[in-house]
Amino acid sequence: CEFFRAAGYGTDNLKLRGFRFFQLLPKNMFKFGPLSKEVILLEIILPAFCIIFFGYLLLLSFANGFNGMSYDEAYWTYVGQHWLSGTHLPYLDVADNKPPAIHLLFGFSAHLVGPAEYLPRILGSLAIALTGFLVYRIATVLHNYKAGLIAFIMFALSITWKDSGWRFTAQTESFVILCSTAAVYLLLKIIFDLNTVSRWRLLCIGAILGLGLLFKQTAIFGAIAVFVLLFIYSREKYVPSALWIASGILGVVLSILLIPVIQGVPPELILKHLFSAPVTDSILPEQSRLSMFKAFVRRSGRIILFLFGIAFLIQNRRSLKSQRLFIFLLIWVALEIFALSVPGNYATYQLRAMLPALAVTFGIGFMANWKGGLQAPFLLGSLVLSCQIHPEVINTVWDRNQSAKQIVAHDALPNDADRRQLGLWIKKNTSSDEIVYISGYSAQVQAYSKRQSPARNFSGNAEVEELRMNLTESQPDLL
């Protein structure tokens with residue numbers, strides 16, 4: 001307005017057509033004062049950190065070069081590519097206990113770029129980087145931006161541990177933690193920003209939680225954490241709000257599960273596979289669960305660093321914004337610990353699902369009633385001990401050939417690159433309509449060959465009678 005007045009327009013002329021939009025602008029729109037630390041951190045520094053974090057995750061994902069898909073990635077690729085091509089139906093023609101979202105992701109990737117790890121790992125790295133941003137936002141909303149920054153740093157450091165799956169960014173947990181943290185953050189925005197609780201927002205939260213359930217069943221514990229948060233902060237409107245969130249969950253889950261049902265897969269067979277015992281229980285002795293837990297404890301010793309944050313949270317709980325926050329954080333962590341115990345095989349990448357809740361609790365615990373003193377050295381020591389140097393990344397950057405030599409030297413079994421080479425050889429020397437059976441843990445070979453297997457349990461230890469029946473009904477052209 002001052003510009004147009006200086007140009008000769010009077011006050012009345014500003015109301016003319018063409019200048020009427022100036023009346024709609026806020027009066028302080030062009031008044032730039034000094035930016036606060038929170039604004040600088042949120043608008044400039046943190047997005048830059050997230051981009052750097054995403055780039056480092058990509059570097060981790062393809063450390064040692066592009067050597068091929070891991071076992072799980074190849075398994076989901078085989079199921080997904082044959083499902084989308086119409087040759088096999090999930091759960092009916094191929095046995096697996098994972099929900100269909102991960103199969104669809106790898107199936108679409110195989111149809112776009114062929115059987116490869118590139119696209120899923122890029123999407124998984126992006127999901128983890130976005131989760132880090134949401135971890136910062138959750139801790140900021142619950143306490144302050146300093147707690148958010150510490151939570152983000154701790155999450156970014158711990159998610160790259162070899163104890164938490166490091167370079168296998170396309171595991172189901174990467175997408176589950178994005179959905180659970182997004183749902184928690186959106187609900188916190190409704191609660192703390194005093195936004196009008198609309199059915200549409202609650203449905204969106206439920207849809208996000210439903211998407212997480214379509215990646216892995218243990219995402220139900222993240223959904224329970226959302227319902228706990230809703231109950232703690234909004235008891236008077238809990239029932240209608242919870243019903244709308246539950247409707248969103250059921251709407252997304254049922255709409256996707258109906259696809260194989262329409263294609264002819266019996267619903268009871270889908271439920272049987274989704275709620276069956278982990279694969280570990282069928283191929284390992286009964287005492288394996290305890291032995292695998294002991295091995296997990298030995299591998300994941302650094303997770304004890306998070307206990308410092310929980311200890312300071314308990315000590316300084318009276319300094320929090322409310323005691324309800326203290327209760328929610330403890331319940332959230334407890335639910336994620338229980339979710340880790342449900343599958344029973346205690347794989348390293350499953351630790352990833354716990355990290356958002358632990359990181360938020362860690363950041364808030366240290367920043368609650370911050371006075372320096374004993375907290376400062378504990379915080380600095382925890383962050384330093386959380387750093388892990390990956391020689392594979394250094395080798396990939398400086399000498400890729402040296403990295404590949406190290407893999408061959410340390411692998412007693414055929415590595416992923418060898419399995420890919422064998423799969424491509426089978427693809428070259430067989431026709432697309434031939435049936436190929438590969439015994440043992442053959443997911444990578446089967447996926448790269450793009451050939452159908454006659455067995456429902458096409459990779460791993462199958463039941464002898466079922467395998468005999470499969471091989472009799474569909475005799476393979478190549479063994």
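Contact here means heavy atoms within 4.5 Å. The structure is a predicted model, in which local features need pLDDT of at least 70 and side-chain atom pairs count only at pLDDT 80 or more, while totals for chains, interfaces and linings use all residues. Residues are numbered from 1 along each chain as its sequence is written, and side-chain values use heavy atoms, with hydrogens and water left out.

The chain has 22 helices and 0 strands, where helices (H or I, at least four residues) and strands (E, at least two) are DSSP runs numbered from the N terminus. Of its 479 residues, 50% are buried; buried means under 20% relative accessible area, exposed over 50%, and partly exposed in between (1.4 Å probe, protein chains only). Among contacts between residues at least 6 apart in sequence, 73% join residues at least 24 apart.

The largest nonpolar core holds 113 residues. Such a core is a set of buried Ala, Val, Leu, Ile, Met, Phe, Trp, Tyr and Cys residues joined through side-chain atoms within 4.5 Å. The members that touch the most others are F53, F155, I245, L329, W332, V360 and I364. Helix 7 (residues 172-192) gives the most to this core, with 11 residues. When residues up to four places away in sequence are not counted, V360 touches V135, I138, A139, L142, A151, L329 and W332.

Helix 14 (residues 305-315) packs against helix 17 (residues 375-386) at an angle of about 155°, with the axes 9 Å apart. Axes are lines fitted to C-alpha atoms, for helices over the stretch in contact, and angles run from 0 to 180 degrees between N-to-C directions. Helix 14 is therefore roughly antiparallel to helix 17, a class that takes angles over 145 degrees. From helix 14 the contact involves L305, F308 and F312, and from helix 17 it involves Q375, F378, S382, L385 and S386. By class, this contact has 5 nonpolar, 3 polar and no charged residues; Ala, Val, Leu, Ile, Met, Phe, Trp, Tyr, Cys and Pro count as nonpolar, Asp, Glu, Lys and Arg as charged, and the others, Gly among them, as polar.

Most residues other than glycine have a negative phi. Y91, in the loop between helix 3 (71-85) and helix 4 (100-113), has a positive phi near 70° and is buried, at 1% relative accessibility. K450, in the loop between helix 21 (443-449) and helix 22 (464-473), has a positive phi of about 60° and is partly exposed, at 33% relative accessibility.

Terms used: Parallel < 35°, antiparallel > 145°, perpendicular 65-115°, else oblique.
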